[in-house]
Amino acid sequence: MKYFDYAATTPPYPEVVRVMSDMMQQHYGNPSSLHRYGEEADRLLRRAREVSAGILGVQPQELIFTSGATESNNLAIKGAAMRRGRMQGHIVTTSIEHASVYESCRQLEQIGFDVSYVNPEPDGTVSLERIQQAFRPDTILFSMMHVNNETGAIQPVEAAARWIRQHYPRAVIHVDGVQAFGKIAALPLHTGIIDLYSLSAHKLRGPRGTGLLYARQGTELFPLLAGGGQEQGYRSGTEHVAGIAGMTKALRLAAERQPQQQQHWSAQSDELRSHIADIPGLILTDVAYPAPHIVHFTYPGMKAEVVLHSLEQQGYLVSTQSACSSRRAQPSRVLLSMGMNPEQATGGIRISLGDEHTAQDIQQLAAALKQVVTALRPLERRSIQ
Ligand code: PMP
């Protein structure tokens, strides 16, 4: 099987597995325990925090380790909104966010907050102008992803953050960096331009169930998990030290390899696009600023799921919509908000690249896709009449 679904999850690097296995076998103490096993685990946790902070260009005490980006996003959004003890205020986000941001905002609406969901342009980008128009004097929080997980569209987070700092200095700024870190140039977190930044280890060839939230010094958060007071009281629960060590390793490798990987993936995605552009009926999603590792297209009139399973039979694994929502046969919220019609928005297919793909893999995938849709098209046309 050739795996082309790296935006859903990635196989952990062998080095990551090795670090985690060593930790689980040899350093299984609880960092809160006072004996030597506890002290050793605490030392390793502190070391992982220092190294991760160094890679991100932030201070160790600014990192909160979590169970993944879903938790990081929930903590960022609900924690920042509820910090003032008043269940009111205005939030600006976009209609293309990952469900963990979008649904957190929906929950906040239910308890009294007011949320503006800014729509993207047809090219997948949320314009700075539309963000500016959504701001109000009572806006307390802004949340936007750096790269969209479905279309791969890069968003103008830095420009938005700069404008917000200047015009609404009291608004907290959150960025979901899950699909961007290690893929495109890192945001300059060291400048303090962003208050909250979410990452997930398993998108970076680290382990699943581990993530982090960077919270700039002085950013107030209402903790969502109460308990033993770990992670400076922001996230109670015994720390997953092995997972955190594995994530640290993955962060380091992703950061080191990013510039070469970006070039490599860009060349491969361009090649893939050029190979499949002439397939009759296939519409490449024309993203203005595409991330290097994601190629997205729609095939109106053909069920995306059917294409996916036919490709699978040929040995290629791809994705329809994003992994988190692909089991629901509804049009994609992201594609609809870009202005696609429901038929098109139900037919999205995402191919996402990893560092192991070769030029030959790309050519073979393109050939398989051509063959699959050519064979399916007459059948599918009949079945949907
Ligand atoms: N944000 C984005 C942009 C994502 O792509 C994902 C994973 N699909 C998440 C958040 C959630 O991350 P996790 O799987 O670690 O909860």
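**Exercise 1. Which residues of E13 point one way, and which the other way?**

Step 1. Gly348, Arg350 and Ser352 point one way from strand E13, and Ile349 and Ile351 point the other way. In a regular strand, side chains alternate between the two faces of the sheet.

Step 2. Check burial, where buried means under 20% relative accessible area, exposed over 50% and partly exposed in between (1.4 Å probe, protein chains only). E13 (residues 348–352) is mostly covered, with 5 of its 5 residues buried.

The model is predicted: local features need pLDDT of at least 70, side-chain atom pairs count only at pLDDT 80 or more, and totals for chains, interfaces and linings use all residues. Residues are numbered from 1 along each chain as its sequence is written, and side-chain values use heavy atoms, without hydrogens and water.

**Exercise 2. At what angle do H2 and H7 pack?**

Step 1. Helix H2 (residues 36–56) and helix H7 (residues 241–276) pack at about 25°, with axes 9 Å apart. Axes are lines fitted to C-alpha atoms over the stretch in contact, and angles run from 0 to 180 degrees between N-to-C directions.

Step 2. That makes H2 roughly parallel to H7 (under 35 degrees; over 145 is roughly antiparallel, 65 to 115 roughly perpendicular, the rest oblique).

Terms used. Helix = DSSP H or I, 4+ residues; strand = E, 2+ residues; numbered from the N terminus.
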